[in-house]
Amino acid sequence: MKHLIHIILLLIVSSIANSACTTSPPTIPETLSLDISPSQTTTPQIISTKIPSSPPTFTAEDDPAIGCPFANYPDWETSPYVLPFPVGKTYQVRLSNCSSSYHAEGKNDQFAFDFVMATGTLVTAARAGTVVYIEEKGISRELNNLVVVDHGDNTFAEYMHLKQYGALVKVGDFVEQGDEIGLSGATGLAGYPHLHFIVVEGSWQWPYDGVPVTFSNTSPNPNSLASNTKYTALPYP
Ligand SMILES: [Zn+2]
């Protein structure tokens, strides 16, 4: 009998020891749970590419890096460019120059801007020039609709992701600054409706070379526009 009690006591002690093992967090699960959280913060961006109706959730990665650190930005107050939407309107820049994703430093689109706009929003000419190219047959991802304007000084403005048949001009048209040129959309590589705007030099065709630009009709932008920031188009100077 004494022997049996001893065995039972041993069993109890060993079961307590086991349960202590399982309740105190071992090192490996702890590490695993820490590994999971950073990857969860990048998940919204992945999800956003599948949901074309709303802009993605911002992450720390996208926060204002204002401009490309190496770029020589022209004086914004005398810039020949205005915001590519009508005076009085306000839109948010989600990704600006040298931010992340396709706009990261060193990419062809490092000097591009993404203006968050609902599909069908009016896009206007940032600078006067001649329309040299239009694509507007795209419906979704398979084809990027765009309007390209030649400024006559070896630079071109590209207005991208327009909605299907969203071009309001035709090749050969001369547009004044502020003229209506298209309706925004989410065609091509657009995870959500926005206007991808970039000024390029030499050739407008991919792979192009972007140039740093500033805008004369909005709040001070000596290093151009900041990511995740709203800008209002003011009357032209
Ligand atoms: Zn873009």
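Reader: Setting aside neighbours within four places in sequence, which residues is V147 in contact with?
Author: Two residues are in contact if their C-beta atoms, placed from the backbone, lie within 7 Å. With neighbours within four places in sequence left out, the partners of V147 are V131, I134, Y159, L162, A167, V169, I181 and G182.

Reader: Before I load this up, what pLDDT do local features need here?
Author: Residues are numbered from 1 along each chain as its sequence is written. The model is predicted: totals for chains, interfaces and linings use all residues, side-chain atom pairs count only at pLDDT 80 or more, and local features need pLDDT of at least 70.

Reader: Okay, so what is the mean pLDDT of the protein?
Author: pLDDT is the predictor's confidence in each residue, on a scale from 0 to 100. In this protein 73% of the residues reach 70 or more, and the mean is 82.

Reader: Where is confidence lowest?
Author: Helices (DSSP H or I runs of at least four residues) and strands (E runs of at least two) are numbered from the N terminus. Strand β3 (residues 122–124) has the highest confidence, at 99, while the lowest, a mean of 34, belongs to helix α2 (residues 27–48). Over residues 7–52 the pLDDT is below 50, and this stretch has 15 contacts in the model beyond near neighbours in sequence. Where pLDDT is low, the predicted coordinates should not be read in detail; the spot with the lowest confidence is helix α2.

Reader: How many helices and strands does the protein have?
Author: Reading from the N terminus, the elements run α-α-β-β-β-β-β-β-β-β-β-β-β. That gives two helices and eleven strands.

Reader: What share of the residues counts as buried?
Author: Buried means 20 or more other C-beta atoms within 10 Å of a residue's own, exposed means 12 or fewer, and partly exposed is in between, with C-beta atoms placed from the backbone. Of the 237 residues of the protein, the buried share is 36%.

Reader: Back to the middle of things: which residues have the most contacts inside the largest nonpolar core?
Author: A nonpolar core is a set of buried Ala, Val, Leu, Ile, Met, Phe, Trp, Tyr and Cys residues joined through C-beta atoms within 7 Å. The largest one holds 42 residues, and the best connected inside it are F115, V147, Y159 and F197.

Reader: And which strand gives the largest share of this core?
Author: At least two core residues come from each of β1 (90–93), β2 (113–116), β5 (146–150), β6 (155–160), β8 (180–183) and β9 (194–201). The largest share, five residues, is from β9.

Reader: What is the bridge partner of F113 in β9?
Author: Strands pair if DSSP finds at least two bridges between them. β2 and β9 run antiparallel and are joined by four bridges. β2 also pairs with β1 in the antiparallel sense over two bridges, where Q92 has V116 as its bridge partner. For F113, the partner in β9 is F197.

Reader: Are F113, F115, D114 and V116 buried or exposed?
Author: F113 and F115 sit on one side of β2, with D114 and V116 on the other. Both faces are covered, and these four residues are all buried.

Reader: What residue stands opposite G129 in β7?
Author: β4 (residues 129–135) pairs with β5 in the antiparallel sense over five bridges, with V131 bridged to V149. β4 is also joined by two bridges to the antiparallel strand β7 (residues 174–175). There, the residue opposite G129 is V175.

Reader: Why does A233 count as buried?
Author: A233 is located in the segment after β11 (229–232). Its contacts beyond four places in sequence include V82, L83, F85 and N217. A233 counts as buried because, within 10 Å, the number of other C-beta atoms is 20.
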